[in-house]
Amino acid sequence: MNLDWSHLWLYVSPPILGGVIGYFTNDIAIKMLFRPYRAIYIGGRRLPFTPGLIPRNQERLAKNISNTIMGSLLTPEELQNLARRLLQPERVESAILWLLRMAIDQVKSDKEQKTAKIVAGILRDLLGESLPRLLKVLARREDFLEAQINQIFDQILLEFQLSDEQASRLADWLLQVVLPPETIRLAIIDFLSDRTIQTIDESFREKTSGTYWVVANLFGLRNTLSRLRTYCLDEKEATNQLLQEWIQDLRVRDRLKNVLQNLTLQNLPIGTVRQLRKTTRESVRQYLQTRGSDFLQGLSDSVDWHNIAVLLVNRLSTSPVVNTSLEVASQELALILERYLEKDLEVIVTNAIPILSIDQVIMDRVKSTSPADLEAAIEGIVKNELQAIVTLGGILGFIVGLFQAAFLLINNV
C-alpha cells in the first residue's frame, strides 16, 4: 500500500471539518430556538425562522407548560399532600399563635381605639337590643330562672339578718326620717278625726264593764281625745318635744333595733316561706316579662359603653391570663382545624383549584416573560444538557468525518 503523504490533508480534513460543523450546527440550532427575539423583515417580507421557535410559539408553549405542570406535577393529589405538609398541627399552631400575639400588639398600639369602638358597639347591641328581646321571649316560660331565683331566695333572702350596726343605723333612720316627732304629731291629728273619736268613745262605752264602765259612761273619751287633737294642733313645738321625750323614755330606738335585728324569714312558718318564695319568683318573672326590656334599654342608654370598652380592652391586652392563654388557644384552634381538614381537605382543594386558577397563572407568567428572560431561565435549568448536545454534535461530526476519511483511503489504495 502506497500512500501519497502530500495528500494527507484529504484524510485529516473530513474528521476535523465534520467535528467543527457538527459542533457549531447544534449550537446554532439551539440558539435558533430563542433567537432572534423578534421577526426580521426585508422588503416587507419576514425572513424565515424569525423570530426564534420559542418566541414565535410562546403562547402555545405557555399552554403546554401549564397543562404539563397541572396534569403531571400539581395534580389534586399532590396539592392535597402539599396542603397536609403545610398545615401540620405544629406549623398551624405557630401561625395561629403568631397571629394572636400580633393582634394583641395591634390592640395595645391602637391609638384610634378602633377595637374599643367595636367592643362598645357589641356591648351596646347585646344589652340594649339583643338581650331585651331574648329576655322578653324567655320570660314567658313558667320555669324561667326558677332554679336561680329559688337559690337566691334560699341562700340570701332566707338567711339574711341585720347585724347589730345595720339594725342601729336602720332604727336611727326610721326615727329620724320616716317617723320623726313631727310626722307622728301629724299622724295623730289625721287619725283623731271627729268620726274616729266618736267611734272610739262609743266602742269604749259598749265594751267596758265594772269600774271602767262607770268611768267610760261618766267621763267618756270624746273630750279627752278632742283635747289631745287640739293640743297637737295648737302646741306644735310642745307636742314634738313631748313626743321626743316619750321616744327616749320608752327606749323606742332600742326596742326597734331589737325588732329589726331579730327580723328574719326563718322565723316565719314553712308554708308562709314557700308561698313567699313562689310569689317572689312570679313577681320577678312578671316584671322581666313586662318591664324588663325597658329596664335593660334604659340601663344601656345610661351606660358609657365606650369607656367600659376601653377599660375592658386595656385590661385584656395587659392581662397575664390572656397572654398565658394564647398558647392554649392556638393549640385548641390547631386541633380543630386539623380535624376539619382531615374530613374536608379533598373538597377544599378541589374547590380551591378553580379559584386559584394555577394553570392560568402559569400561562400568564410564561406569556409575560420576555424571550431573553425565558432563554436565560431555560439555560439556567438545562445549561449542562444543552452544552452536552453541542459537544455530542461535534463528536458525531468528527466520527462521520473519520468514516469519510477511511472510505477515501480505501478507494485510493
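Guide: What follows begins with the salt bridges and then moves to other parts of the model.

The model is predicted: local features need pLDDT of at least 70, side-chain atom pairs count only at pLDDT 80 or more, and totals for chains, interfaces and linings use all residues. Residues are numbered from 1 along each chain as its sequence is written, and side-chain values use heavy atoms, with hydrogens and water left out.

Side chains of opposite charge can pair when their charged atoms come close. Here a salt bridge is a side-chain nitrogen of Lys or Arg within 4 Å of a carboxyl oxygen of Asp or Glu. By that criterion, searching the whole structure gives 7 salt bridges.

One of them joins glutamate 165 to arginine 169, with 3.3 Å between the closest N and O atoms. Why can this pair be described by a helical turn? Glutamate 165 and arginine 169 are 4 residues apart in helix 8 (residues 164–178), so about one helical turn separates them. Helices are DSSP runs of H or I with at least four residues, strands are runs of E with at least two, and both are numbered from the N terminus. Arginine 169 has a relative accessibility of 58% and therefore counts as exposed. The classes are buried under 20% relative accessible area, exposed over 50%, and partly exposed in between, with a 1.4 Å probe and protein chains only.

From alanine 187 to aspartate 294 is 107 residues along the sequence and 38 Å between C-alpha atoms.

The next case involves a network. Asp172, Arg251, Arg253 and Asp254 are linked by salt bridges. Within it, arginine 253 and aspartate 254 meet at 3.5 Å, N to O. Arginine 253 is partly exposed, with 31% relative accessible area, and aspartate 254 is partly exposed as well, at 28%.

Arginine 251, another member of the network, lies in the loop between helix 13 (236–249) and helix 14 (252–261). With a relative accessible area of 52%, arginine 251 counts as exposed. Its backbone calls for a remark: phi is near 50°, a positive value in a residue other than glycine. Most residues other than glycine have a negative phi, and most peptide bonds are trans.

Arginine 285 gives a further view of a charged residue. Its place is helix 15 (residues 270–302), and it is buried, at 13% relative accessible area. Beyond neighbours within four places in sequence, arginine 285 contacts Ala139, Arg140, Arg141, Glu142 and Phe144, where contact means heavy atoms within 4.5 Å.

Two packed helices are described by the angle between their axes and the distance between the axes. For helix 3 (residues 58–73) and helix 18 (residues 358–368), the axes come within 8 Å and cross at roughly 145°. Axes are lines fitted to C-alpha atoms, for helices over the stretch in contact, and angles run from 0 to 180 degrees between N-to-C directions. The crossing is right-handed; that is, the near helix is turned clockwise from the far one by less than a right angle, anticlockwise being left-handed. Residues in the contact include Glu59 and Lys63 from helix 3, and Asp359 and Lys367 from helix 18. The contact of helix 3 with helix 18 comprises 8 nonpolar, 2 polar and 4 charged residues. Nonpolar here covers Ala, Val, Leu, Ile, Met, Phe, Trp, Tyr, Cys and Pro; charged covers Asp, Glu, Lys and Arg; the others, Gly among them, are polar.
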